[in-house]
Amino acid sequence: MNHKGAEKILSVYWFAILFIVAAGIVYMVFSFYGKPYDIRELETNALADKAADCLNYGGYMNENWQNLEDENFLSECNLNFNVESDFEWENDQYYVEIKVSDFNSNQELKKIAVGNHNLRLNCAVESDNFPVCLEREMYSFDKANSQYKITILSVVRKTEKNT
Amino acid sequence: MLFLFSKTGETSVLEEKYTKQIALLIDSAEPGMTIDLNMEDAIKAAGEENFPVNEIVRVNGNVVTVRLKEDSEGYSYSFFNDIDVRANFDTASRTKYYFIITQK
């Protein structure tokens with residue numbers, strides 16, 4: 001092969017490499033920026049924190065925890081499950097379930113469930129297109145030194161804006 | 001490189017990024033707090049689009065909206081923390097917004 005022929009082949013090869021690298025960068029940028037940021041895991045964490053603070057502070061149960069019910073939980077805990085009206089959402093994008101049980105006997109003392117109850121059915125499925133669920137357990141005392149186990153399940157849907 | 005920078009600096013990407021960031025900040029906030037958020041790139045982008053920089057962030061009820069262009073509806077996202085939030089453009093630095101959180 002003469003010198004000129006080798007140069008021609010090399011330049012074609014060089015352009016092919018350049019094209020592949022450029023196409024790769026374009027594909028990666030589009031796949032990264034073409035998808036929305038998924039913040040639902042952070043939202044479930046913040047929601048669980050808010051629910052926990054409403055029941056328990058500094059390791060001790062709040063004095064009014066026994067007065068909390070499904071009907072007053074949102075207002076007592078300063079929560080608002082209204083959402084923007086995009087994608088025909090109807091304030092059905094959140095769910096919180098709290099179980100308080102006796103630590104020693106495991107007997108359930110209180111259960112509070114607010115929001116869209118159907119969301120919890122999807123918690124077994126691990127996929128971006130399903131709601132994000134977070135279950136957390138904690139232990140607490142009251143002033144009489146009774147021990148409690150608190151289980152908090154927080155669920156956020158908002159799939160259309162996060163996947 | 002130019003393509004990469006144009007994509008990362010797109011107003012729609014910035015609108016979504018800051019809306020969600022603000023919603024998360026509010027969800028974790030307590031009444032009495034004031035939160036500073038550096039939004040230099042978004043403020044610069046709005047300036048280039050001749051959009052009033054003091055109207056970039058709007059909080060309506062429990063929905064936050066960030067808008068950087070006149071012909072865009074902006075990006076909205078809800079937060080669940082039931083508190084009052086006032087969004088203010090920091091006229092001193094002109095690079096950030098601050099959020100005053102109060103009890104409802």
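Modeller: What follows is a close look at one helix pair.

This is a predicted model, in which local features need pLDDT of at least 70 and side-chain atom pairs count only at pLDDT 80 or more, while totals for chains, interfaces and linings use all residues. Residues are numbered from 1 along each chain as its sequence is written, chains are lettered from A in the order in which they are written, and side-chain values use heavy atoms, with hydrogens and water left out.

Two packed helices are described by the angle between their axes and the distance between the axes. In chain B, helix α2 (residues 11–27) and helix α3 (residues 40–48) have axes that come within 10 Å and cross at roughly 140 degrees; helices here are DSSP runs of H or I with at least four residues, numbered from the N terminus, and the axes are lines fitted to C-alpha atoms over the stretch in contact, with angles running from 0 to 180 degrees between N-to-C directions. α2(B) and α3(B) are therefore oblique to each other, a word kept for angles that are not under 35 degrees (roughly parallel), over 145 (roughly antiparallel) or 65 to 115 (roughly perpendicular).

On the side of α2(B), the contact (heavy atoms within 4.5 Å) is made by Thr11(B), Leu14(B), Lys17(B) and Tyr18(B), and on the side of α3(B) by Asp41(B), Ala42(B) and Ala45(B). These residues divide into 4 nonpolar, 1 polar and 2 charged, where Ala, Val, Leu, Ile, Met, Phe, Trp, Tyr, Cys and Pro count as nonpolar, Asp, Glu, Lys and Arg as charged, and the others, Gly among them, as polar.

As for handedness, α2(B) passes α3(B) in a left-handed crossing, meaning that the near helix is turned anticlockwise from the far one by less than a right angle.

Turning briefly to chain A, Asn122(A) lies in the loop between β4 (108–115) and β5 (132–141).

How values were computed
Helix = DSSP H or I, 4+ residues; strand = E, 2+ residues; numbered from the N terminus.
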